Amino acid sequence: ASVALLREDGNKYFKSGDYERALSCYTQAIDLSKDLLEGRILYRNRAACYLKLGEYSKAEADASKVIESDGKDVKALFRRSQALQELGKLDQAFADIQRCTVLEPKNKVFQESLRQIATKVQEKVRSMWVGQGRRDRLVGEKRL
């Protein structure tokens, strides 16, 4: 099978919700591909499969491969941001989605994702401060 045919099959399976078969097609195509641009598309597509399958570390790794060769690939940045968010790496997810909004400032999906991640970061910081305040009060009470 050719790279183009495997990619087409992968796209077809992805659209129908068969992410495992799509993943298999993209992986086979990656193994056969010699073209850098084509490779980026395949890694980006495979990252989307990994996201759908809940394999966030693998999604992050594939998206990162694309970003290493093209730091302005908004699809790869967005997918890595989604993976990082699921992995609890909110600061890194925020940086990626922020780059997406700089590259495509009118994209509503990116704007909404940026807002959501910013809110999660604020909640995390707030809970850390609240937790720290409780410990300080407990330590203070023990001294009395």
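**Reading salt bridges in a predicted model**

Guide: Arg46, Asp62 and Lys65 are linked in a network of salt bridges, a salt bridge being a side-chain nitrogen of Lys or Arg within 4 Å of a carboxyl oxygen of Asp or Glu. This is a predicted model, in which local features need pLDDT of at least 70 and side-chain atom pairs count only at pLDDT 80 or more, while totals for chains, interfaces and linings use all residues. Residues are numbered from 1 along each chain as its sequence is written, and side-chain values use heavy atoms, with hydrogens and water left out.

Visitor: Where do lysine 65 and aspartate 62 lie?

Guide: Both lie in helix α4, three residues apart, which is about one turn of the helix; helices (H or I, at least four residues) are DSSP runs, numbered from the N terminus.

Visitor: Is aspartate 62 buried or exposed?

Guide: Buried means under 20% relative accessible area, exposed over 50%, and partly exposed in between (1.4 Å probe, protein chains only). Aspartate 62, with a relative accessible area of 2%, is therefore buried, whereas lysine 65, at 38%, counts as partly exposed.

Visitor: How many salt bridges does the structure hold?

Guide: The structure holds nine, and one of them joins the side chains of arginine 44 and aspartate 73 at 2.7 Å, N to O. Arginine 44 lies in helix α3 (residues 36–52) and aspartate 73 in the loop between α4 (56–69) and α5, so the pair ties together parts that are 29 residues apart in sequence. Arginine 44 and aspartate 73 are both buried.

Technical notes
Helices (H or I, at least four residues) and strands (E, at least two) are DSSP runs, numbered from the N terminus.
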